[in-house]
Amino acid sequence: MVSEQPAAQVLVASNRGPVTYTRQQDGSLDARRGGGGVVSGLSAIDSESDSVWVCAALGDGDREAVRRGVAEPGVRMLDIDAGVFADAYNGIANSVLWFVHHMLYQTPLEPVFDAEFRRQWASYEAYNHAFADALAEAAAPGAAVLVQDYHLALVPRMLRAHRPDLRIGHFSHTPWAPVDYFRMLPDDIAAQLLGGILGADRAAFLTHRWAEAFTDCCHTVLGPGIPSGTRIGVHGLGADAEFLRERAHRPDVEERLAALREQVGPGRRTIVRVDRTELSKNIVRGLLAYRHLLDTRPEWRERVVHVAFAYPSRQDLAVYRDYTAQVQRVADEINSTYGTATWSPVVLHVKDDFARSLAAYRLADVALVNPIRDGMNLVAKEIPVVSDDGCALVLSREAGAHEELGEDAVTVNPYDVTGTADALHEALTMPHDERARRTKRLAAAATALPPQQWFLDQLQALREGS
């Protein structure tokens, strides 16, 4: 029980925690630490004494760990009712809030905010209450609490009601929707979401663009002005250069690099993308742009390969399963139309493999990062850091990373397939010296705020009231 542990001076709250448990055949529980820039950044909490990370039990293994009292030091998992969690996570967070902030709705048919939505919203409120209660119980007087993302937008206001002594921050890892799109939400829900975050002393975002969109929504929905108690901050999460460069040269990466080179074939250029099959990543339009390149510039046939890693995401939602299948269909069509006995135009991998992703980073002549919208997109920052021979970055203007990297990228409108095909041609024909210079500048910008410093800067700003 938390009451048996020392009260924490620093707390992080997030839907997904730093560890996942899997139940083995013999009944034992295997604990695995998570990866990625956000987890790496939030793991800086480990450097703080008297700290705790509050997260949800996501699967059966996690719930079994909670029931058995198994826990990593400094981590508290919440065993929230499975039905409540499913409604809050899939019904609201991933099927409503994610769609709003990424502007993904097909508006002639969706969204429909009906009685079922209201039922699921009650679960979202209950889910947020569970976090607020746990944080209130675990926090020492005057502790600093950093709440993460759209899953927990209501927590700051709820926690403030419990514990007005706490210093509370909220960080949004997604884009923030522009006013007209945000107001698609029912008026009371829109106000509740904004008011929830404004319960924090500090609301922070990945880019100035998203921060400004949030303040615009506050002014329009709630009235002029941000409450004097809430400060707005911007912290552009960067890549961890030291970790990436070391990890990218381990034997397992070298092995996968050799295998990819064999698949690509000697003397060919590579266009690399590494994404999860989230609807916002725009993988299908990227493939269509590549197909247009091969169709209109036949000189690239047999000379370039699109290495596309599309790792399945959120496959419990039908729309994501359908999208993943569409990615596979388009890739197969390109290979069927243009492929030869010695050349596969698209090398598509759908099984998640971090070592293989790093191998592709090293191999890339061109990196294609064309999301419809993205809070940041760390792939755009990681590839220039790891690239062996310099990499031209084709980057969507709708990625948060564009704010920092746009000057040295080839910018695209993510909806413009022909324009993206032209950008791919420009990137493929970029002189080697120019590509090397751009890559150096991209890598410097991409690593300006590495993950642990990103976290510590937020913590310092929260403590200092800045």
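Trainee: Which residue of E14 does Val-369 stand opposite?

Mentor: Val-369 faces Leu-395 in E14. This is a predicted model: local features need pLDDT of at least 70, side-chain atom pairs count only at pLDDT 80 or more, and totals for chains, interfaces and linings use all residues. Numbering starts from 1 along each chain as its sequence is written, and side-chain values use heavy atoms, with hydrogens and water left out.

Trainee: What makes E13 and E14 a pair?

Mentor: Pairing requires at least two bridges found by DSSP between two strands. E13 and strand E14 (residues 392-396) have four, in the parallel sense. They therefore pair under that rule.

Trainee: How do you know that E10 pairs with E13?

Mentor: Two bridges join strand E10 (residues 269-276) to E13, and the strands run parallel. In E13, Val-366 is the bridge partner of Ile-271.

Trainee: Which residues point which way from E13?

Mentor: E13 covers residues 366-369. Val-366 and Leu-368 point one way, Ala-367 and Val-369 the other. All are buried, that is, under 20% relative accessible area (1.4 Å probe, protein chains only); over 50% is exposed, and anything in between is partly exposed.

Trainee: Why is Arg-16 called partly exposed?

Mentor: Its relative accessibility is 48%, so Arg-16 falls in the middle class. Arg-16 lies in the loop between strand E1 (8-13) and strand E2 (19-23).

Trainee: What is Arg-16 in contact with, leaving aside its neighbours within four places in sequence?

Mentor: Trp-53, Cys-55 and Leu-58. Contact means heavy atoms within 4.5 Å. Leu-58 is 42 residues away in sequence, yet the C-alpha atoms of Arg-16 and Leu-58 are 7.3 Å apart.

Trainee: How many helices and strands does the protein have?

Mentor: The protein has 18 helices and 15 strands. These are DSSP runs, numbered from the N terminus: helices are H or I with at least four residues, strands E with at least two.

Trainee: What share of the residues is buried?

Mentor: Of the 466 residues, 58% are buried.

Trainee: What share of contacts between residues at least 6 apart joins residues at least 24 apart in sequence?

Mentor: The share is 78%.
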